[in-house]
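Colleague: Could you walk me through this one? I'd like to go question by question.

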Amino acid sequence: MKDFLSSRYVQVVLQIIIGAVFVYASYNKLFDQTAFAKSVYGYKLLPDFLINITAIIVPPLEFIAGLFLMFGLFRKGSSVVIIALLSVFLIGLVQAYARGLDIDCGCFGSNGADKTTSADLLIRIFEDILLLLGAIIIFKFSRSKYYKNVNYTDAEILASQNKET
Amino acid sequence: MSKHLSGGKQALLIFIMALAAGLTMNAVSSKGIPLFTNYTEKMKADNTDSLKNAIQNTNDFKNNPYDTTQKDKPLSYNNNPNLTKEGFIKPQKIKLDLAKLLFERNALMIDARKPEEFAKGRVKGAINISYEDYHFKDKDKLPERLKGLNKDGIIICYCNGGDCDLSIDLAYDIAKLGFNAVNIYLGGFKEWEAAGLPVEK
């Protein structure tokens with residue numbers, strides 16, 4: 001099982017999927033701090049002074065960590081960042097669900113008006129857990145020896161694998 | 001390069017890059033925000049008891065902004081303590097009781113939500129000035145939209161209530177154009193509808 005999880009194929013596929021989800025999720029938020037700050041406020045989780053700074057830093061954090069993970073750069077670091085983000089999101093989502101808060105998820109960008117229903121929230125929680133598991137697999141089982149012994153990146157490994165098939 | 005850095009250092013580096021990128025983007029973004037906002041203060045209602053009493057005690061208090069002939073100044077706005085340094089009268093954040101009273105005295109209701117939401121249901125007689133549209137897309141059009149209105153007429157901005165602050169932000173935009181009696185009804189459409197007050201579609 002450990003061999004399977006740490007195989008290049010599983011690792012690269014997970015990296016690309018999770019990285020892409022994060023890049024996609026950050027895209028709409030990167031340019032609309034106002035709307036995302038409102039989403040963050042809606043979770044009623046953070047003290048006032050942390051809300052805006054969170055709304056300013058989280059989207060680029062998602063974008064950079066996602067991009068790095070997609071290209072297999074800084075895999076340990078970017079997976080740690082993503083695990084941390086997903087954990088915080090999970091806490092936010094679960095407490096919002098438990099308290100029955102009427103929130104705008106802000107997960108994949110904020111639309112400002114449309115509220116997330118509690119059924120949507122459950123889906124988001126489920127997605128979050130899946131992504132979290134994937135990120136943990138990357139963090140725990142990615143082998144840095146690809147880099148020590150072989151001088152090419154995951155993108156190149158994937159490309160060579162594609163050529164073979 | 002990643003083989004030289006531990007996971008923690010990599011994460012720190014990513015964090016620093018994101019912080020720099022985030023601050024830069026926020027500074028150049030048209031939808032940028034201040035680093036800190038006191039949301040608790042922002043969403044808190046003002047004390048409007050004396051204003052409410054004053055209005056209740058007079059019968060000829062009618063301040064529809066559409067009525068440009070009427071002369072009466074709104075009561076609380078003479079020597080107004082809400083006059084800001086910037087020279088506009090700070091909008092008042094009011095609750096249901098006062099909103100209802102002002103509505104009955106012909107205040108102009110302005111719905112700050114998006115047109116789609118406005119179409120689904122609104123306070124009876126309200127007009128729609130979507131904050132998103134008029135602040136970000138058509139900023140220059142707000143004066144045009146409000147042209148000809150009596151600047152002392154009572155205006156009440158509202159949105160969905162709860163966490164919604166579109167009404168607050170819109171109210172400040174309107175007050176800065178020289179409107180002296182701008183109010184923000186914090187309870188918003190949801191509370192209004194739940195209270196059984198007049199709505200329309």
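**A proline and a sheet**

Modeller: A:Pro59 touches A:Ser26, A:Lys29, A:Leu30, A:Phe36 and B:Gly22, leaving out residues up to four places away in sequence; contact here means C-beta atoms, placed from the backbone, within 7 Å. Mind that this is a predicted model: local features need pLDDT of at least 70, side-chain atom pairs count only at pLDDT 80 or more, and totals for chains, interfaces and linings use all residues. Residues are numbered from 1 along each chain as its sequence is written, while chains are lettered from A and ligands numbered from 1 in the order in which they are written.

Colleague: Over in chain B, which strands stand at the edges of the open sheet?

Modeller: The sheet has 5 strands in the order β1-β6-β5-β2-β4 (chain B), with parallel pairing; two strands pair if DSSP finds at least two bridges between them. Each edge strand has a single partner, so one side of each lacks a neighbour in the sheet; the two are β1 (92-94) and β4 (127-128) of chain B.

Colleague: Which residue in β6(B) is the bridge partner of B:Ile156?

Modeller: β5(B) and β6(B) pair in the parallel sense over 4 bridges. On another strand, B:Met109 has B:Ile156 as its bridge partner in β5(B). In β6(B), the partner of B:Ile156 is B:Asn183.

Colleague: And which residues of β5(B) point the other way from B:Ile155 and B:Cys157?

Modeller: In a regular strand the side chains alternate between the two faces of the sheet. In β5(B), B:Ile155 and B:Cys157 go one way, all four residues are buried, and those pointing the other way are B:Ile156 and B:Tyr158.

Colleague: What angle does helix α8 make with β6(B)?

Modeller: Helix α8 (residues 166-175) of chain B packs on the sheet, touching β5 and β6 of chain B. Axes are lines fitted to C-alpha atoms, for helices over the stretch in contact, with angles from 0 to 180 degrees between N-to-C directions. For α8 and β6(B), that gives about 175 degrees.

Methods:
Contact = placed C-beta atoms within 7 Å. Buried ≥ 20, exposed ≤ 12 C-beta atoms within 10 Å, placed from the backbone.
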